[in-house]
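Visitor: I would like to know what stands behind the words used for a fold. Could you take me through them?

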Amino acid sequence: MKFVRQLGISALALGLGAPFAGSLFRTPSRGLDLDSIARAIDDGSDHVSARQLAEWIRDRRPGLRVIDVRSPAEFRDDAIPTAENVPVDQLAKSHFAPDQTIVLYSQEGAHAGQAWVMLRSLGVTQAVFVPGGLADWRDEVMSPLLPANASPAERAQIAALSHYFGGTPRIGVEQGGDVASVAQTGQRSRRRGC
């Protein structure tokens, strides 16, 4: 399911970039390198997991800049620690230093993927996005599932990262070959928005 979502976000990002590509009969005016964008999407260097972002924040990675591209109202309601709010329509007006690692996120990742293409079209190459956005942050950091089959060290590492951000890990149990949460009701709540 996550692969299908990432594939959909990647297709959306490429679709957003298509207008910047221009015609086969003229030179692109912005210098958008669609080959490098396609390579980044293909090799996965266009995105970062919520858990990896949490590790970067915790470790105070030099040059890290976390940007929430949602509306100011959504940002006020809930945001990833250290994030700044730069809505999509303000990205082109923002300054990004070449030594910064820009991490974009939205509610579920679609707008962050689009924003990533925008930054690439502006020449910002040190940018990534969280494919599942704030929803992944909640699932992977604030309420991560501790797999029942993971080693005690792996479980402790996931739990420590979650606790660092004030989260509460869930304990996983095996159900028919799948790992499910002890507290899980069988269905995940439907996610809305970008």
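Guide: Gladly! Two strands pair if DSSP finds at least two bridges between them, and strands (E, at least two residues) and helices (H or I, at least four) are DSSP runs numbered from the N terminus. This is a predicted model, where local features need pLDDT of at least 70, side-chain atom pairs count only at pLDDT 80 or more, and totals for chains, interfaces and linings use all residues. Residues are numbered from 1 along each chain as its sequence is written, and side-chain values use heavy atoms, leaving out hydrogens and water.

Visitor: How do you know that β1 and β3 pair?

Guide: Five bridges join β1 (residues 64-68) to β3 (residues 101-105), and pairing asks for at least two, so they pair. Helix α3 (residues 50-58) touches both strands (contact: heavy atoms within 4.5 Å).

Visitor: What makes β2 and β4 edge strands?

Guide: The open sheet has the order β2-β1-β3-β4, with parallel pairing. Because β2 (84-85) and β4 (127-129) each have a single partner strand, one side of each lacks a neighbour in the sheet.

Visitor: Why is a set of residues called a nonpolar core?

Guide: Its members are buried Ala, Val, Leu, Ile, Met, Phe, Trp, Tyr and Cys residues joined through side-chain atoms within 4.5 Å; buried means under 20% relative accessible area (1.4 Å probe, protein chains only). The largest such core has 19 residues, and Trp 116 is among those with the most contacts inside it. Helix α5 gives the largest share, five residues. A second, separate core of 18 residues includes Val 48 and Leu 161.

Conventions:
Axes are lines fitted to C-alpha atoms, for helices over the stretch in contact, and angles run from 0 to 180 degrees between N-to-C directions. Buried means under 20% relative accessible area, exposed over 50%, partly exposed in between (1.4 Å probe, protein chains only).
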